[in-house]
Amino acid sequence: MNPNETQDHSVPKSHPRYESLKFRHRIIEGMKKLVVAEAGLIAHGRGECFDYILGEKTTQAAKNAIKAAVAALLLAQKPVISVNGNVAALIPEQLVILSKTVNAPLEINLFYQKEGRIKAIKEVLQKAGATEIYGVDPKKMIELNGLESNRRKVELIAQADLVMVPLEDGDRTEALKKLNKIIIAVDLNPLSRTSLWADITIVDNIVRTIPEMITTAKELKKINDSQLETIVKNFDNKKNLQTTLDLVIEYIENQKEHMFDSIEF
Ligand code: PTJ
(Lines give C-alpha, C1' and ligand atoms only; values in the text may rest on other atoms or scores of the structure.)
Protein backbone atom coordinates (compact mmCIF):
# COMPACT_ATOMS: atom_id res chain seq x y z
CA MET A 1 0.00 0.00 0.00
CA ASN A 2 1.18 3.48 -0.81
CA PRO A 3 2.15 5.03 2.57
CA ASN A 4 0.71 8.39 1.41
CA GLU A 5 -2.76 6.89 1.28
CA THR A 6 -2.67 6.14 4.98
CA GLN A 7 -1.32 9.53 6.01
CA ASP A 8 -3.55 11.09 8.67
CA HIS A 9 -4.25 14.75 7.94
CA SER A 10 -6.61 15.35 10.84
CA VAL A 11 -5.63 18.45 12.76
CA PRO A 12 -7.09 19.27 16.17
CA LYS A 13 -9.23 22.44 16.03
CA SER A 14 -7.22 23.78 18.95
CA HIS A 15 -4.05 23.82 16.86
CA PRO A 16 -2.87 27.45 16.54
CA ARG A 17 -2.46 27.02 12.77
CA TYR A 18 -5.68 25.00 12.30
CA GLU A 19 -7.15 27.16 9.48
CA SER A 20 -3.94 27.22 7.49
CA LEU A 21 -3.41 23.45 7.87
CA LYS A 22 -7.00 22.71 6.91
CA PHE A 23 -6.57 24.40 3.53
CA ARG A 24 -3.11 22.88 3.06
CA HIS A 25 -4.67 19.45 3.43
CA ARG A 26 -7.44 20.27 0.96
CA ILE A 27 -4.69 20.98 -1.57
CA ILE A 28 -2.92 17.69 -0.77
CA GLU A 29 -6.16 15.70 -1.03
CA GLY A 30 -6.96 17.58 -4.24
CA MET A 31 -3.65 16.51 -5.70
CA LYS A 32 -4.33 12.86 -4.92
CA LYS A 33 -7.63 13.14 -6.83
CA LEU A 34 -6.02 14.89 -9.84
CA VAL A 35 -7.87 18.14 -9.08
CA VAL A 36 -4.66 19.95 -8.12
CA ALA A 37 -1.51 19.85 -10.25
CA GLU A 38 1.74 18.85 -8.53
CA ALA A 39 2.93 22.44 -9.04
CA GLY A 40 -0.25 23.56 -7.29
CA LEU A 41 1.33 22.50 -3.99
CA ILE A 42 4.27 24.78 -4.64
CA ALA A 43 1.97 27.63 -5.71
CA HIS A 44 -0.02 27.17 -2.49
CA GLY A 45 3.17 27.32 -0.40
CA ARG A 46 4.20 30.53 -2.12
CA GLY A 47 0.75 31.95 -1.40
CA GLU A 48 1.00 30.95 2.28
CA CYS A 49 4.28 32.82 2.52
CA PHE A 50 2.78 36.04 1.14
CA ASP A 51 -0.28 35.60 3.33
CA TYR A 52 1.99 35.52 6.37
CA ILE A 53 3.48 38.92 5.59
CA LEU A 54 0.00 40.35 5.04
CA GLY A 55 -0.98 39.24 8.54
CA GLU A 56 -3.30 36.48 7.17
CA LYS A 57 -6.21 38.89 6.97
CA THR A 58 -8.15 40.73 4.29
CA THR A 59 -6.58 44.18 4.32
CA GLN A 60 -8.48 47.41 3.69
CA ALA A 61 -6.74 47.61 0.29
CA ALA A 62 -8.07 44.13 -0.56
CA LYS A 63 -11.56 45.14 0.56
CA ASN A 64 -11.41 48.18 -1.77
CA ALA A 65 -10.36 45.93 -4.64
CA ILE A 66 -13.12 43.43 -3.81
CA LYS A 67 -15.75 46.20 -3.95
CA ALA A 68 -14.46 47.42 -7.34
CA ALA A 69 -14.26 43.83 -8.62
CA VAL A 70 -17.83 43.01 -7.64
CA ALA A 71 -19.09 46.27 -9.16
CA ALA A 72 -17.24 45.44 -12.41
CA LEU A 73 -18.67 41.90 -12.41
CA LEU A 74 -22.22 43.23 -11.97
CA LEU A 75 -21.71 45.71 -14.81
CA ALA A 76 -20.12 43.23 -17.24
CA GLN A 77 -22.11 41.94 -20.21
CA LYS A 78 -20.32 38.58 -20.53
CA PRO A 79 -18.29 37.90 -17.39
CA VAL A 80 -16.57 34.56 -16.79
CA ILE A 81 -14.88 33.15 -13.69
CA SER A 82 -11.89 31.02 -14.64
CA VAL A 83 -11.38 27.95 -12.43
CA ASN A 84 -8.11 26.10 -11.90
CA GLY A 85 -7.23 23.12 -9.73
CA ASN A 86 -6.22 25.02 -6.60
CA VAL A 87 -9.37 27.12 -6.50
CA ALA A 88 -11.61 24.10 -7.07
CA ALA A 89 -9.89 22.23 -4.24
CA LEU A 90 -9.87 25.11 -1.77
CA ILE A 91 -13.30 26.68 -1.95
CA PRO A 92 -15.70 25.02 -4.43
CA GLU A 93 -19.04 25.69 -2.70
CA GLN A 94 -18.44 29.40 -2.24
CA LEU A 95 -17.15 29.68 -5.80
CA VAL A 96 -20.42 28.27 -7.12
CA ILE A 97 -22.41 30.65 -4.91
CA LEU A 98 -20.40 33.64 -6.18
CA SER A 99 -20.89 32.54 -9.78
CA LYS A 100 -24.67 32.40 -9.28
CA THR A 101 -24.82 35.65 -7.27
CA VAL A 102 -23.05 37.78 -9.89
CA ASN A 103 -24.26 35.74 -12.86
CA ALA A 104 -20.77 34.87 -14.11
CA PRO A 105 -20.38 31.32 -15.49
CA LEU A 106 -17.55 29.06 -14.34
CA GLU A 107 -15.02 27.91 -16.95
CA ILE A 108 -12.35 25.34 -16.14
CA ASN A 109 -9.02 26.53 -17.51
CA LEU A 110 -5.85 24.69 -16.60
CA PHE A 111 -2.18 25.49 -16.93
CA TYR A 112 -1.10 21.88 -16.40
CA GLN A 113 -2.78 19.45 -18.76
CA LYS A 114 -3.14 15.88 -17.49
CA GLU A 115 -5.55 13.14 -18.44
CA GLY A 116 -8.52 13.13 -16.06
CA ARG A 117 -7.97 16.54 -14.46
CA ILE A 118 -10.85 18.37 -16.17
CA LYS A 119 -13.24 15.53 -15.26
CA ALA A 120 -12.05 15.54 -11.64
CA ILE A 121 -12.54 19.32 -11.33
CA LYS A 122 -15.92 19.15 -13.05
CA GLU A 123 -17.04 16.57 -10.49
CA VAL A 124 -15.87 18.73 -7.59
CA LEU A 125 -17.82 21.72 -8.96
CA GLN A 126 -20.93 19.62 -9.61
CA LYS A 127 -20.77 18.25 -6.07
CA ALA A 128 -20.55 21.86 -4.88
CA GLY A 129 -23.80 22.69 -6.70
CA ALA A 130 -22.66 23.91 -10.14
CA THR A 131 -25.11 23.12 -12.92
CA GLU A 132 -23.35 24.81 -15.84
CA ILE A 133 -19.61 24.28 -16.23
CA TYR A 134 -17.67 25.42 -19.29
CA GLY A 135 -14.22 24.48 -20.56
CA VAL A 136 -15.03 20.79 -20.49
CA ASP A 137 -15.82 19.79 -24.08
CA PRO A 138 -12.78 20.01 -26.43
CA LYS A 139 -15.12 20.35 -29.44
CA LYS A 140 -16.39 23.68 -28.09
CA MET A 141 -12.96 25.13 -27.37
CA ILE A 142 -10.98 27.57 -29.45
CA GLU A 143 -7.37 28.73 -29.04
CA LEU A 144 -6.54 32.26 -27.89
CA ASN A 145 -3.99 34.21 -29.90
CA GLY A 146 -0.77 35.25 -28.21
CA LEU A 147 -0.60 32.37 -25.75
CA GLU A 148 1.51 29.21 -25.94
CA SER A 149 0.47 27.43 -22.73
CA ASN A 150 -2.43 25.04 -22.22
CA ARG A 151 -4.43 28.03 -20.93
CA ARG A 152 -4.89 29.14 -24.57
CA LYS A 153 -7.77 26.63 -24.92
CA VAL A 154 -10.94 28.48 -23.97
CA GLU A 155 -14.68 28.38 -24.45
CA LEU A 156 -16.75 31.32 -23.12
CA ILE A 157 -13.57 33.21 -22.20
CA ALA A 158 -13.01 33.88 -25.92
CA GLN A 159 -16.07 36.15 -26.06
CA ALA A 160 -16.01 37.43 -22.47
CA ASP A 161 -15.70 41.15 -21.76
CA LEU A 162 -14.48 40.45 -18.21
CA VAL A 163 -12.53 37.47 -16.85
CA MET A 164 -11.86 36.81 -13.19
CA VAL A 165 -8.59 34.88 -12.87
CA PRO A 166 -7.81 33.55 -9.40
CA LEU A 167 -4.23 32.24 -8.94
CA GLU A 168 -3.22 32.95 -12.49
CA ASP A 169 0.08 32.87 -14.33
CA GLY A 170 1.28 36.16 -15.79
CA ASP A 171 1.33 35.02 -19.41
CA ARG A 172 -2.40 34.54 -19.73
CA THR A 173 -3.23 37.72 -17.83
CA GLU A 174 -1.06 39.62 -20.29
CA ALA A 175 -2.61 37.80 -23.27
CA LEU A 176 -6.18 38.45 -22.05
CA LYS A 177 -5.37 42.12 -21.42
CA LYS A 178 -4.03 42.43 -24.95
CA LEU A 179 -7.38 41.05 -26.15
CA ASN A 180 -9.02 44.03 -24.39
CA LYS A 181 -10.70 42.09 -21.65
CA ILE A 182 -11.21 43.48 -18.17
CA ILE A 183 -9.22 41.34 -15.75
CA ILE A 184 -9.91 40.74 -12.08
CA ALA A 185 -7.03 38.88 -10.42
CA VAL A 186 -6.86 37.28 -6.99
CA ASP A 187 -3.22 36.83 -6.08
CA LEU A 188 -1.46 36.94 -2.74
CA ASN A 189 1.71 38.15 -4.47
CA PRO A 190 1.30 41.89 -5.09
CA LEU A 191 4.43 41.86 -7.27
CA SER A 192 3.44 39.05 -9.65
CA ARG A 193 3.02 39.83 -13.33
CA THR A 194 -0.65 38.92 -12.99
CA SER A 195 -1.07 41.47 -10.19
CA LEU A 196 0.60 44.16 -12.27
CA TRP A 197 -1.27 43.41 -15.52
CA ALA A 198 -4.78 43.08 -14.06
CA ASP A 199 -7.30 45.95 -13.99
CA ILE A 200 -8.39 45.03 -10.49
CA THR A 201 -6.01 43.01 -8.30
CA ILE A 202 -7.29 41.53 -5.07
CA VAL A 203 -4.21 40.77 -2.98
CA ASP A 204 -5.77 38.33 -0.58
CA ASN A 205 -6.20 34.62 0.06
CA ILE A 206 -8.86 33.19 -2.24
CA VAL A 207 -10.41 31.38 0.73
CA ARG A 208 -11.23 34.76 2.32
CA THR A 209 -11.84 36.66 -0.92
CA ILE A 210 -14.68 34.59 -2.32
CA PRO A 211 -16.91 34.75 0.81
CA GLU A 212 -16.19 38.51 1.07
CA MET A 213 -17.16 38.93 -2.60
CA ILE A 214 -20.47 37.14 -2.00
CA THR A 215 -21.32 39.45 0.92
CA THR A 216 -20.29 42.51 -1.12
CA ALA A 217 -22.32 41.35 -4.13
CA LYS A 218 -25.47 41.08 -2.03
CA GLU A 219 -24.96 44.71 -0.97
CA LEU A 220 -24.00 46.09 -4.40
CA LYS A 221 -26.97 44.45 -6.11
CA LYS A 222 -29.10 47.03 -4.30
CA ILE A 223 -27.54 50.02 -6.12
CA ASN A 224 -27.91 51.19 -9.73
CA ASP A 225 -25.47 50.96 -12.64
CA SER A 226 -24.27 54.53 -12.48
CA GLN A 227 -23.36 54.05 -8.79
CA LEU A 228 -21.54 50.83 -9.72
CA GLU A 229 -19.70 52.70 -12.48
CA THR A 230 -18.56 55.33 -9.97
CA ILE A 231 -17.10 52.61 -7.73
CA VAL A 232 -15.13 51.15 -10.67
CA LYS A 233 -14.01 54.58 -11.93
CA ASN A 234 -12.73 55.64 -8.52
CA PHE A 235 -10.61 52.52 -8.10
CA ASP A 236 -6.92 52.94 -8.96
CA ASN A 237 -5.19 49.56 -9.18
CA LYS A 238 -1.62 50.89 -9.22
CA LYS A 239 -2.25 53.01 -6.16
CA ASN A 240 -4.00 50.14 -4.41
CA LEU A 241 -1.06 47.78 -5.04
CA GLN A 242 1.33 50.38 -3.63
CA THR A 243 -0.91 50.75 -0.58
CA THR A 244 -0.75 46.96 -0.18
CA LEU A 245 3.05 47.11 -0.11
CA ASP A 246 2.86 49.90 2.48
CA LEU A 247 0.65 47.63 4.60
CA VAL A 248 3.18 44.79 4.30
CA ILE A 249 6.00 47.14 5.41
CA GLU A 250 3.85 48.42 8.29
CA TYR A 251 3.01 44.84 9.36
CA ILE A 252 6.65 43.72 9.27
CA GLU A 253 7.79 46.79 11.24
CA ASN A 254 5.12 46.10 13.83
CA GLN A 255 6.20 42.44 14.01
CA LYS A 256 9.81 43.55 14.50
CA GLU A 257 8.72 45.48 17.60
CA HIS A 258 6.33 42.90 19.04
CA MET A 259 7.30 39.46 17.67
CA PHE A 260 8.34 38.07 21.07
CA ASP A 261 5.43 39.53 23.07
CA SER A 262 3.39 36.31 23.02
CA ILE A 263 6.33 34.04 23.85
CA GLU A 264 6.51 33.04 27.48
CA PHE A 265 9.24 30.82 28.86
O1 PTJ B 1 -4.61 23.97 -11.90
P2 PTJ B 1 -3.68 24.56 -12.93
O3 PTJ B 1 -3.07 23.50 -13.82
O4 PTJ B 1 -4.34 25.63 -13.77
O5 PTJ B 1 -2.44 25.24 -12.17
C6 PTJ B 1 -2.70 26.23 -11.18
C7 PTJ B 1 -1.39 26.84 -10.63
C8 PTJ B 1 -1.76 27.74 -9.47
C9 PTJ B 1 -0.50 25.69 -10.16
C10 PTJ B 1 -0.70 27.61 -11.77
O11 PTJ B 1 -1.55 28.62 -12.26
C12 PTJ B 1 0.61 28.22 -11.30
O13 PTJ B 1 1.68 27.63 -11.38
O14 PTJ B 1 0.49 29.44 -10.79
P15 PTJ B 1 1.73 30.33 -10.28
O16 PTJ B 1 2.45 30.91 -11.46
O17 PTJ B 1 2.51 29.58 -9.25
O18 PTJ B 1 0.98 31.51 -9.58
C19 PTJ B 1 0.09 31.30 -8.54
C20 PTJ B 1 -0.04 32.62 -7.76
O21 PTJ B 1 -1.12 32.44 -6.86
C22 PTJ B 1 1.21 32.95 -6.93
O23 PTJ B 1 1.51 34.33 -7.07
C24 PTJ B 1 0.77 32.68 -5.48
O25 PTJ B 1 1.34 33.58 -4.56
C26 PTJ B 1 -0.73 32.90 -5.57
N27 PTJ B 1 -1.49 32.10 -4.61
C28 PTJ B 1 -1.23 30.85 -4.15
N29 PTJ B 1 -2.18 30.45 -3.29
C30 PTJ B 1 -3.08 31.45 -3.21
C31 PTJ B 1 -2.64 32.52 -4.06
N32 PTJ B 1 -3.34 33.66 -4.20
C33 PTJ B 1 -4.50 33.76 -3.51
N34 PTJ B 1 -4.97 32.79 -2.68
C35 PTJ B 1 -4.30 31.63 -2.51
N36 PTJ B 1 -4.78 30.68 -1.69
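Tutor: A polar contact is a pair of N or O atoms within 3.5 Å; within protein, one must be able to donate a hydrogen and the other to accept it, and residues adjacent in sequence count only if both atoms are side-chain atoms. Here a backbone N or O atom of L188 lies 3.1 Å from a nitrogen atom of the ligand. The protein covers 94% of the 740 Å² of accessible area that the ligand has on its own, by the Shrake-Rupley method with a 1.4 Å probe, where for residues only the protein chains shown count as cover. This is a predicted model, in which local features need pLDDT of at least 70 and side-chain atom pairs pLDDT 80 or more, while totals for chains, interfaces and linings use all residues. Residues are numbered from 1 along each chain as its sequence is written, and side-chain values use heavy atoms, without hydrogens and water.

Student: Which residues come nearest to the ligand?

Tutor: A residue is near a molecule if one of its heavy atoms lies within 4 Å of it. Of the 22 residues around this ligand, F111, Y112, R117, R151 and D187 come nearest. Helix 2 gives the most to this shell, with 5 residues; helices are DSSP runs of H or I with at least four residues, numbered from the N terminus.

Student: Where does the ligand sit?

Tutor: A pocket is found on a 1 Å grid over the protein atoms alone: an open set of points where a 1.4 Å probe fits, with protein on both sides within 12 Å along at least five of seven lines; lining residues have an atom within 4 Å of a point. A molecule sits in one if more than half of its atoms lie within 2 Å of its grid points. The space taken by this ligand is the largest pocket.

Student: Which element supplies the largest share of the lining of that pocket?

Tutor: Helix 2 does, with 9 residues.

Methods: Helices (H or I, at least four residues) and strands (E, at least two) are DSSP runs, numbered from the N terminus.
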